[in-house]
Amino acid sequence: MKDVAGFGQFSELFRRHPRNPILTASEWPYPANAVFNPGAVQFDGATLLLARVEDMRGFSHLTVARSADGVSNWQIDPQPTFAPHPEQHPEELWGVEDPRIVWLEELERYAITYTAFSERGPLVSLAMTKDFRTFERRGPIMPPEDKDSSLFPRRFKGRWLLIHRPMPVTPGAGAHIWVSYSPDLTHWGDHRILLEARQGGWWDARKIGLNTPPIETPEGWLIIYHGVRTTAAGAIYRLGLALLDLEEPTRVISRSDTWVFGPRDLYERVGDVADVVFPCGAILDPVTKEIRLYYGAADTTIALATANLNDLIAHLKGKK
């Protein structure tokens with residue numbers, strides 16, 4: 001059969017796992033409509049995913065799934081691990097979504113930035129944990145509408161740094177990736193644009209956002225972000241790369257011109273939201289340099305793709 005979409009001519013840096021999708025709602029221990037967009041860390045000798053789970057009302061919560069090999073035999077918490085608490089946190093009235101997990105060595109805790117879905121729109125909230133069983137909610141750290149956020153794992157000149165994506169209300173302003181600084185993880189300021197959505201016919205024109213937490217490399221901070229292209233048939237979510245200066249992460253060293261991963265296979269093109277690949281977590285093997293990218297496919301299932309860190313950096317070298 002001919003490859004009518006032309007994907008056979010396009011060599012992607014990420015390789016899909018042959019067992020994709022690796023997790024579906026049918027494997028969940030309680031009723032769920034969809035499982036997708038997981039945060040990911042290596043924890044206690046296993047791969048831990050903090051998956052977004054959409055219930056049969058359409059509201060989302062977060063649930064832990066653990067696997068020794070990161071692919072199979074998942075042990076899924078029997079009940080929601082991190083459920084919305086609108087009684088104490090009204091900003092979570094319509095659910096919690098899309099977690100990014102970062103280990104903060106200074107605080108000896110994992111920081112989880114996530115989207116709280118409030119009556120006034122989505123916003124960025126923060127929680128802390130040591131064990132993924134008990135959580136300390138810090139509440140909203142950015143007002144609506146704002147999402148697609150992650151902390152860097154350490155301070156820069158004494159301040160924490162957050163990547164996020166506010167949504168402008170001015171028509172045509174574009175949705176760009178921003179950064180903000182804080183001395184204490186509570187009070188935020190010095191806001192500025194980190195990466196602008198391009199214009200015109202680009203794959204990442206008008207709307208972009210962070211995907212996985214920044215990955216520290218000797219060459220700089222590797223950023224995986226999504227671009228949204230709106231077509232007559234709907235939106236297409238694809239992934240691109242950027243490299244930030246190691247000590248001044250607001251300085252962009254390079255950015256990919258092309259997307260490096262996009263919807264191709266059936267489970268990515270058909271689902272609750274078609275044509276979406278959306279990772280919230282990536283795990284780097286420090287020895288082999290393999291990156292395991294855990295992503296939501298069509299807002300319906302969880303899939304896995306791998307790449308070599310050196311290949312991603314090589315792809316970015318020479319780009320401005």
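In the residue classes used here, Ala, Val, Leu, Ile, Met, Phe, Trp, Tyr, Cys and Pro count as nonpolar, Asp, Glu, Lys and Arg as charged, and the others, Gly among them, as polar. The model is predicted: local features need pLDDT of at least 70, side-chain atom pairs count only at pLDDT 80 or more, and totals for chains, interfaces and linings use all residues. Residues are numbered from 1 along each chain as its sequence is written, and side-chain values use heavy atoms, with hydrogens and water left out.

**Largest pocket**

- A pocket is an open set of points on a 1 Å grid over the protein atoms alone, where a 1.4 Å probe fits, with protein on both sides within 12 Å along at least five of seven lines; lining residues have an atom within 4 Å of a point.
- The lining of the largest pocket holds 14 nonpolar residues, three polar and one charged.
- Of its 18 lining residues, I101, V102, W103, P214 and A282 lie nearest the centre.
- Strands are DSSP runs (E, at least two residues), numbered from the N terminus.
- Strand 19 gives the largest share of this lining, four residues.

**Second largest pocket**

- The lining of the second largest pocket divides into 10 charged residues, five nonpolar and two polar.
- This pocket has 17 lining residues, and R52, D98, K147, Y237 and D299 lie nearest its centre.
- At least two lining residues come from each of strand 2, strand 3 (46-54), strand 6 and strand 10 (146-151).

**Strand 7**

- F117 belongs to strand 7 (residues 109-118).
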